[in-house]
Amino acid sequence: MTKNILEIRNLVKRFGDFTAVNGISLEIKEGEIFGILGPNGAGKTTTINMVLGLLKPTSGKITINGIDIEKEGSRVKPMMGLMTQETVVDSDLTARANLEIAAELYHVPKDKIGKKVDEALAEAELTSFADKKAGTFSGGMQRRLDLVKAMIQDPMLLILDEPTTGLDIQNRVNMWGHIKDLVKVGVTIILTTQYLEEADALCDRIAIIDHGRIRAIGTASELKRMVGTGRILEMILESESQAQQASSILKSHFKINSAVKGDRLDATLEKWDPKTLPEMLSMLEKKKVVVASVNVHLPTLDDVFIKLTGSGMRDAASSEYTSARGSMLYRGGH
């Protein structure tokens, strides 16, 4: 039976009269990639800061590998690694020097640092660049260096805060491969991301957090079924007034409820019949409603996100919970 690496029970965090986290409970299993999604201000930042030991909960309990983080934080912190949204490498130092310093901060035994650094360079595909300054590296190379730096002490739990932000698609997919390789050697990962396709591709389970509470938790397929088994209809009309007119027509003639935002119309088609779309377009044409574009697709994680939080992930601001300097203070704080 797979054991739980992280357990959170009834976690609450208040800042004065404001409740940032309001009774969150969840379990993350060994070897799992667990995604945390939510709009800015949802509480995911605060939750992760409490897991890291950077914030003290108002109430509730967090255990990592069965150890209470509040009571025995010094035992827990060496079990965790952190890769922040911002790339935390010293551009004036070589790749090797960056890793050696990280190893010392994580209290890796001195007689093992050389071997650990060589292994990390190989994993990041940077062996031939080991003695070159990190400031000369491309963005993808720096992110790979940052990832292996967070793994230098072999943590059992790795927190990745938007690890592919700013990378082009080729480097993003390359990073996905490195993340999947970590799971193969038993690392448990908490992933925050603003790319829904990334969560879909990588995460075994996903929690959607909003207003300090977990709104839903499950596999990507389970979450998508919350939207329905039908199809999602998206239309762009010639104007906002035409979108409103189209919405009325769909409701009166096809019993389809839709949401209008500007010149865009969105609807969930609970029962999908391929004949429905041509009939709708024909009716709209008769009513002189001009459709600029139309798209019908299966539910996506973005559809789930919109249903649960009221906004698309692309509209949500990215996580900001740890600065580079704060990260280094945490790493040296064992």
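How many cavities of 30 Å³ or more does the structure hold? The structure holds two such cavities, a cavity being a set of points, on a 1 Å grid over the protein atoms alone, where a 1.4 Å probe fits but cannot get out. The structure is a predicted model, in which local features need pLDDT of at least 70 and side-chain atom pairs count only at pLDDT 80 or more, whereas totals for chains, interfaces and linings use all residues. Residues are numbered from 1 along each chain as its sequence is written, and side-chain values use heavy atoms, with hydrogens and water left out.

The second largest cavity contains about 30 Å³ of space, a volume being the space filled by probe spheres set on grid points that are joined across faces, edges and corners. Its lining, made of residues with an atom within 4 Å of a point, consists of Leu6, Ile8, Leu26, Ile28, Ile36, Thr47, Ile48, Val51 and Ile190. Two or more residues each come from strand E1 (4-15), strand E2 (18-29) and helix H1 (44-52); helices (H or I, at least four residues) and strands (E, at least two) are DSSP runs numbered from the N terminus. H1 gives the most to this lining, with three residues. Eight of the lining residues are nonpolar, one is polar and none is charged, where Ala, Val, Leu, Ile, Met, Phe, Trp, Tyr, Cys and Pro count as nonpolar, Asp, Glu, Lys and Arg as charged, and the others, Gly among them, as polar.

The second largest pocket holds about 370 Å³ of space; a pocket is an open set of points with protein on both sides within 12 Å along at least five of seven lines. This pocket is lined by 20 residues, of which Lys116, Met151, Asp154, Leu182 and Val185 are the closest to its centre. Helix H4 (110-123), H5 and H6 each give two or more residues to the lining, and H4 gives the most, with four. The lining comprises eleven nonpolar, three polar and six charged residues.

Helices H5 (residues 139-150) and H6 (residues 169-184) also meet each other. Their axes come within 10 Å and cross at roughly 15°, with axes taken as lines fitted to C-alpha atoms over the stretch in contact and angles running from 0 to 180 degrees between N-to-C directions. H5 and H6 are therefore roughly parallel to each other; angles under 35 degrees count as roughly parallel, over 145 as roughly antiparallel, 65 to 115 as roughly perpendicular and the rest as oblique. Gly140, Arg143, Arg144 and Leu147 of H5 make the contact (heavy atoms within 4.5 Å) with Asn171, Asn174, Met175, His178 and Leu182 of H6. Three of these residues are nonpolar, four polar and two charged.

H4 in turn packs with helix H3 (residues 95-105): the two axes come within 10 Å and cross at roughly 130°, which makes H3 oblique to H4. This crossing is right-handed. Ala95, Arg96, Leu99, Glu100, Ala103 and Glu104 in H3 meet Ile113, Val117, Asp118, Ala120 and Leu121 in H4, and the contact divides into seven nonpolar, no polar and four charged residues.

Key. Left-handed = near helix turned anticlockwise from the far one by under 90°.
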